[in-house]
Amino acid sequence: MVTAPIELNGVPLLLDPAGAVVWRDGGLVVVADLHLEKGSSFARRGTMLPPYDTQATLDRLARLLRRYQPRTVVCLGDSFHDPDGPGRLAPTDRTRIAALARGRDWIWITGNHDPVLAADIGGRSAAELAIGPLTFRHEARRAAGPVPVRGEVSGHFHPKASVATSARRVSGRCFVTDGQRLILPAFGAFAGGLDVLDPAISGLLRRQFLAFLLGSDRLFAFPREQLQRRAA
Amino acid sequence: MSTAPALLPEPFRAWFAARGWSPHAYQLAMVEAATAGDSALLIAPTGGGKTLAGFLPSLIELAAAPAPGLHTLYISPLKALAVDVQRNLQAPIAELGLPVTVETRTGDTPASRRARQRLRPPQMLMTTPESLALMLSYADAPTLFGRLSVVVVDEVHALAGTKRGDLLALGLARLGALAPASRRVGLSATVAWPDALEQWIGAGRGHVRRIVGGAAAAADVSILVPEGRLPWGGHMAVHAMPAVYRAIAEAGTTIVFVNTRAQAEIVFQELWRLNAANLPIALHHGSLAVEQRRRVEAAMAEGRLRAVVATSSLDLGIDWAAVDLVIQVGAPKGASRLVQRIGRSNHRLDRPSRAILVPANRFEVLECSAALDAVAAGTLDGQAPRPGALDVLAQHVLGTACAGPFGADTLYVEVAATQPFAGLARAEFDAVVRYVEDGGYALGGYEQWRRLARLPDGRLALAHPAIARRYRMNVGTIVEATTLKVRLGRGRVLGEVEEYFALGLTPGDTFLFAGRLLRFEGIRDMAVEARPASGDQPKIPAYAGGRMPLTTHLADRVRAMLADPGQWDRLPGPVHEWLDLQRHRSALPGSDDLLVETFPRGALHYMVAYCFEGRNAHQTLGMLLTRRMERAGLKPLGFVATDYVVATWSLEPVRDPAPLFDEEMLGDDLEEWMAESTLLKRTFRNVAVIAGLIERRHPGQEKSGRQVTFNSDLIYDVLRRHEPDHILLRATRADAAEGLTDVRRLGRLLARARGRVLHRPLPRISPLAVPVLLEIGREGVEGARDHLLEETAAALVAEMEAGPDAPAIS
């Protein structure tokens, strides 16, 4: 596993190829858009997606926390696919979340899919969180005036990017940052994605930005000029 | 056989006589089968009254005993054909003064008329397999079909062995249960596997009479190789267009068949460039707007066109007696397919059809010669229908539940009696039913959200009526690639292109579409906006559609021709020289060895294997070879597969190819690769859509194909990891093995190659290898994703790894 070091508003951060941000000095691991219980959310409406997505997502999260042993875990919203999600957790998955959170400060940032978190899920919930020079929220905030937003870490958009290589186009989930903001890829097993060149994402960023594509054990950084738009 | 007077009632005899016709023997045989209450399979060349033969018994019955209610159901693979047949039937009905109502019902029929048709059906209804599935899903299906006397399935050969055919076979079995006395009639072109077709049309009920129509006169087929340069590669045959144009000018009406939509656009463009006489030449392919296609068909039927350039979109259907020449541009890929295309010309059986084959490159010259030999020998090819697909069965089970509660035992018996599902094990059927019930996952997490409920009597019923609504919005087995409409400015829609093509365009790019050169302006509201352009070299639409792999039979003939220099004298000069040069520089692929060449080129090392097993098998082989090369540290970067060869390129040279072709690759390697390949993901997406796991359409919400693509890949990954034996994954693997991966032919090839790999290390590219390296559409190596990203990102990675002191962006 090779992480990519970046600096955001003066804070050195590590981007992990699993799709998480690690702030070593802060003892912090950040993930976005877990979308737990997305499968069962669809099943309720008669679309019988495989019921293994929560398990798959928690497997990856557990590996990540075992590696970094953070004091604090921040989930950047849309942790559950819908507000009833926590209620549908299988008992084993519920126990697992509790075990992961034990002895840690666990913060559920609320998102548009989960504006309210069930109290019995453990941890605490917040609309946003500021630690030192960094602000953690679900969806990037547009600058209200001439003062740019600095040090913002967010999720929501599920960024994806593609690049033309010598053989073919390669695309996948990515981090995207312009040095002031950092947007995380979705961590959830069934989460879809949006191209970073879509105005919804690129419009939030300065003209120069980098996308860090997730490789199997490392990240690959590309400046905006090297990216190609691709929807699927 | 009885004579006409005995079988044909007086008005019908008079009708035939008034037109100066005498009924064909096979038309009378069809009447005889109907009188005996037998189902029938009519195998006859297109035209010559085949469709009338299908309807004649119904007209006679209805004339003798007019009765309200649906009497005859006609099912065609094409909406246009259903409409056309309805129109053609009007003439005899009017002339005979029969009190018979005939209507069509397709996706284009207004909802109000569809509702009325269910209440008060016509006596004859022309429809498609999808519309039949829909009608069967309503609770009133037993009333609607209760008095049905006969089902006529047109172009059965084109349906059997496809997923649409599976759905229709299940529908036929359903109809058999709803109307036990009904008969089935199949109308088919000549095929290599009539027995399977007979079982297919029988749908497990009663005896089927096979009736063979008069054989057409031997076709007059020639190969056109113009003087001068014969291309090494490419599929457009632009070099031959002046000669093609002359042939069109000399004939009455010509169909110019091509294999892909991109070919159609280029050929059309080239013909118009040469069209000094302003001959009316039109274009017809599946991407064009429906109205445009209909206009071309109508103009053709009215004899207003001199030529139409068409893909397989015109393989079936509309009967144009006026066509007197068929030109096949590009290799025909199969003997049966060629015979069917040739049969599109001159529907009068007493005169020979005339056809010209136009090979686009040197390999295609060989293939055309082989096809010509096969046609002359009267050999037919093509594979018999493969077993029915489980995703289609899942759709049918849900559809059956939509119509009303069903017993699993009864349905199993009905399903297993059809030809596609004849070998279906009960356990497999039960797994499909369980999937429909609650997803069928081992982790039975969804029991509270079942789609089917078990009634006290053990039957299964729909858990909620909303499920039926959704089923009806998603019925069918045609899963289309995501497409974007192409508009002229914000105005007229010209047709649709695949999304990946549209996304590869940047404003200002030009491309050929619908016979015009267009300039890409942008994408707006899920549509490509374009303006007419002039000049520039166009980018060519590279559509996926329309590619057929070379049949085994033709492949064998091509290989035999290569191995026997005695046959080369009848080949055109440049081809003969090309083969001589190959024999001199390298070697020729023998009848039962496997020639493998290796040579360096630029910074890369190439390996070319002359397998002749068709693109799909080669595609699979390419994947497996590059996996092994990866493991051997040869750093493969990609491969390309054609119908004839597979070529790989790598950073390190292959020194000993034989072990790479070991048959063992069909075991673990294949399993492993299948599990990871994008091809499987694409196949899974289709399976998931057909089986109703992912919906194309949702009441009140159009789901874009884009979302479907993305979700299904992730679902595939999760399902594969957690439940590799799930029924949908089994269906996906079966699909891939039969279709795009063609594992059967790959097995044949590897068995043949055992101990017979003929390796020729060469200093440079061989003559025979030139065409393959000119092929576009290269497939990357799955595992190479990270290599490729690394290569592209190397500079930046170095910069990043300098550490936190050097932020990537300052």
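**Exercise 1.** In which sense do β1(A) and strand β2 (residues 11–16) of chain A pair, and over how many bridges?

*Solution.* The model is predicted: local features require pLDDT of at least 70, side-chain atom pairs count only at pLDDT 80 or more, and totals for chains, interfaces and linings use all residues. Residues are numbered from 1 along each chain as its sequence is written, while chains are lettered from A and ligands numbered from 1 in the order in which they are written.

Step 1. Helices (H or I, at least four residues) and strands (E, at least two) are DSSP runs, numbered from the N terminus; two strands pair if DSSP finds at least two bridges between them.

Step 2. β1(A) and β2(A) are antiparallel and share five bridges. Within this pair, A:Leu8 lies opposite A:Val11 of β2(A).

Step 3. The hairpin of β1(A) and β2(A) has two residues between the strands, and A:Asn9 adopts a positive phi near 50°.

**Exercise 2.** What is the strand order of the open sheet of seven strands in chain A?

*Solution.* Step 1. The order is β1-β2-β3-β4-β5-β6-β7 (chain A), and the pairing is mixed. At the edges are β1 and β7 (124–126) of chain A, each pairing on one side only.

Step 1. Neighbouring strands are turned by 25° against each other on average, direction ignored. Axes are lines fitted to C-alpha atoms, for helices over the stretch in contact, and angles run from 0 to 180 degrees between N-to-C directions.

Step 2. A parallel pair occurs where four bridges join β5 (residues 72–75) to β6 (residues 105–109) of chain A; here A:Val74 is opposite A:Ile107 in β6(A).

Step 3. Helix α2 (residues 53–68) of chain A packs on this sheet and touches β2, β3 (20–23), β4 (28–31) and β5 of chain A. Contact means that the C-beta atoms of two residues, placed from the backbone, lie within 7 Å. The direction of α2(A) makes about 160° with that of β4(A).

**Exercise 3.** How do the axes of helix α3 (residues 25–35) and helix α4 (residues 50–64) of chain B cross?

*Solution.* Step 1. The two axes come within 8 Å and cross at roughly 45°.

Step 1. α3(B) and α4(B) are therefore oblique to each other, given that angles under 35 degrees count as roughly parallel, over 145 as roughly antiparallel, 65 to 115 as roughly perpendicular and the rest as oblique.

Step 2. The contact involves residues including B:Met30 and B:Val31 of α3(B) and B:Leu56 and B:Ile60 of α4(B).

**Exercise 4.** Which strands stand at the edges of the five-stranded open sheet of chain B, and why is one side of each left without a neighbour?

*Solution.* Step 1. The order is β17-β16-β20-β19-β18 (chain B), with mixed pairing.

Step 1. β17 (493–498) and β18 (510–513) of chain B are the edge strands; each has a single partner strand, so one side of each has no neighbour in the sheet.

Step 2. β16 (residues 483–488) of chain B runs antiparallel to β17(B), joined by five bridges, and B:Leu484 stands opposite B:Val497 in β17(B).
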